[in-house]
Amino acid sequence: MNKTLQYIQPSATLAVSAKAKELAAEGKMVCNFSAGEPDFDTPENIKEAAIKALRDGQTKYTPAQGLPELCKAVSEKFAKENGLEYAPNSVIIGGGGKMSLSIAFAALLNPGDEVIIPSPYWLSYPEMVRLANGVPVFVQGEETNSFKITPELLEAAITKKTVALIINSPSNPTGLVYTDEELAALGEVCLKHNLKIVSDEIYERMIYDDKKHVSIASISPELYKNTLTVNGVSKAQAMTGWRIGYAAGPTDWIKAMTTVQSHLASAPATFAQWGAIEALRTPEHIIKPMLDAFEARNKRIYELISEIDGITCDRPMGAFYIFPNISFFGMDSLTFAKKLISEKHVATVPGIPFGADENIRLSYACCIEEIEEGISRIKDFCKSI
Ligand SMILES: *Cc1c(COP(=O)(O)O)cnc(C)c1O
């Protein structure tokens, strides 16, 4: 067996979702806040494009880098929406954002290289880095500062072995969103120490209030040269099951990633790539109602959770998660989440695999009624402790 695996845990979010499904199958009315995916179906125009591709005989391998037409659509998307000029040969299509990230670490890291991961973090980052024989190094963001890391905290974690920083804004699990000034300041530290930046922007469209998404690579030509921008269609276009993500960055990085992908996967599924072209060109009036629903849920869940005595949390600025602090109740996050599912049939994800044992993660990729019912059960649960 691969020895690295003894340090790697199976994805805890998936385990909790499975438990919720099991209870539901027994006929229990479960309020499910554990999902890591939109509850919406993929828009019809996107499905039609994939079906058409199949009918047209698009059933063979694409180049390892991805379908040239999709690379071009991604390049146009970056130019139009993010102010980033990437030539199609600076783009690689991956089997989901997850595979794009994994392939990046496999291509960019040497054994023992350190990658700085702001904490709390998406639980797959450290495992992806470890699988690539890298070493994750965590920098704890202060909860009182919306869990954001600062240039000082970043600088203090850098060693001779540090090669990269992961940025995830909007963030899963905290919902934080960095401003352009904050990104510029973090970027400056990276440039000073010659660190690469891997920017996971999968939640860019789920952003609330007056917050604005900024791609760190768009801030300066120097940052552009040192950043891999990663995104995908899973979240904004409700396409988690299609497994299409993409990354863009310096041509030599993309070339190395293409080599890795050519051996690990050949390329993502061809008809799914044709669907993704349509996804990137989907008219705004089709996407917007889903984003508006997330905004309304964000407001409501925050309002309701704020009314619970003992729980503290910020209003999330982006993504579709809220990350309340439950330490007042004197339980670790796993005990709290387990008691909550068994006593009130409310599924959440404990904060521990995200690096935060005082918090739990609630996804609000569910309807307002489920939010109201679920939070009312959590309120009862908290009162009973
Ligand atoms: C969902 C998610 C992704 C991408 O998921 P895929 O389904 O693999 O495209 C990437 N990063 C974060 C933080 C996510 O939550």
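Two rings of Phe, Tyr or Trp (its six-membered ring) form a pair if their centres lie within 6.5 Å; planes under 30 degrees apart count as stacked, over 60 as edge-to-face and the rest as tilted. The structure is a predicted model in which local features need pLDDT of at least 70 and side-chain atom pairs count only at pLDDT 80 or more, while totals for chains, interfaces and linings use all residues. Residues are numbered from 1 along each chain as its sequence is written, and side-chain values use heavy atoms, with hydrogens and water left out.

**View A. A cluster of aromatic rings.** Phe40, Tyr203, Phe294, Phe320 and Tyr321 are joined into a cluster by ring pairs. Over the ring of Phe294 sits the charged end of Arg297, 5.2 Å from the ring centre (criterion: NZ of Lys or CZ of Arg within 6 Å of the ring centre and within 35 degrees of the ring normal).

**View B. The pair Phe78 and Tyr246.** The pair rule gives a count of 16 aromatic pairs. The ring centres of Phe78 and Tyr246 are 5.6 Å apart and the planes stand at 80°, so this pair is edge-to-face. Because Phe78 lies in helix α3 (residues 68-82) and Tyr246 in strand β8 (residues 245-248), the pair ties together parts 168 residues apart in sequence. Helices (H or I, at least four residues) and strands (E, at least two) are DSSP runs, numbered from the N terminus. Phe78 is buried, at 0% relative accessible area, and Tyr246 is also buried, at 3% (buried: under 20% relative accessible area, 1.4 Å probe, protein chains only).

**View C. The pair Phe147 and Phe323.** This aromatic pair is edge-to-face, with 5.9 Å centre to centre and 65° between the planes. Phe147 belongs to the loop between β4 (135-140) and α6 (151-157), and Phe323 to the loop between β9 (321-322) and α12 (333-344), 176 residues apart. Both Phe147 and Phe323 are buried.

Note on methods: Buried < 20%, exposed > 50% of the residue type's maximum accessible area, 1.4 Å probe, protein only.
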